[in-house]
Amino acid sequence: MKIAQNTVVSVNYKLSDAQNNLIEDGAQPMVYLHGGYENTLPKIEEELDGKDVGYTSTIQIEPEDAFGDYDPNLVKVEDRNRLPEPIEVGMQFEGMAEGSDEEPVIFTVTEVADDKVVLDGNHPLAGMALRFDLSVIDVRAATEEEIAHGHVHGAHGHDHGHGEIDDSEEGDHFRSQPLQ
């Protein structure tokens, strides 16, 4: 089966920066619903469209087509007493960017001092050109439910809690802390 609209694609991948420094060696395949559902980067979908199991490729994606340019305006310094304790580097909080009335931003704690905390609302890969080594390992037709929900269900996809799989990542619970 060829990769097309409403197919579920499983891809082994390796992610590096433009200098080929390894960022992530996909321990599990990336599994996504193909066809503009925003489950992966559009340039990856573009590269894999019409391909079949066994297809391999290395593509480089520039920042504007990946996670955007680094925006120094998304870095804020907050008083430590405004955040819950214990506070640690890597924790994440939802908040609004300065002067923005758009969507909330996920801020990551990047530094902790005695009385101040640095929060960065940029994606960790913002400003970077990314190199993906891709290898298609499976393609199947999506179920009606997956199409209706706009994402893959089951193994390595999304689970709605109807089974016994716990897909939550360590630290996900920090995402629910609002910043004012």
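I began with aromatic pairs, and the count came to zero. The model I am reading is a predicted one.

Next I looked up charges over rings. K51 lies over the face of Y55, and I noted 5.2 Å from the ring centre. I also found K76 over the face of F107, at 4.8 Å from the ring centre.

Then I turned to the strands. Which strand is joined to β1 by eleven bridges? I found that it is β9: β1 covers residues 7–17, β9 covers residues 130–141, and the two run antiparallel. As an entry point into this pairing I took N12, whose bridge partner in β9 is S135.

I went on to β4, residues 56–61. Six bridges join β4 to β9, and this pair also runs antiparallel. Here I picked I59 and found F132 of β9 standing opposite. My note on β9 is therefore that it is joined to β1 and to β4, under the rule that two strands pair if there are at least two bridges between them.

My last entry is on T40. I placed T40 in the loop between β3 (30–33) and α1 (42–48). Is T40 buried or exposed? I wrote down buried, because its relative accessible area is 14% and the cut-off for buried is under 20%. I then listed what T40 touches, leaving out residues up to four places away in sequence: M30, Y32 and E45. Of these contacts, M30 and Y32 carry numbers inside the range of β3, and E45 has a number inside the range of α1.

How values were computed
Residues numbered from 1 in each chain as written. Predicted model: local features only at pLDDT ≥ 70, side-chain atom pairs only at ≥ 80, totals over all residues. Heavy atoms only, no water. Helix = DSSP H or I, 4+ residues; strand = E, 2+ residues; numbered from the N terminus. Buried < 20%, exposed > 50% of the residue type's maximum accessible area, 1.4 Å probe, protein only. Contact = heavy atoms within 4.5 Å. Phe/Tyr/Trp six-rings, centres within 6.5 Å; stacked < 30°, edge-to-face > 60°. Lys NZ or Arg CZ within 6 Å of the ring centre and 35° of its normal.
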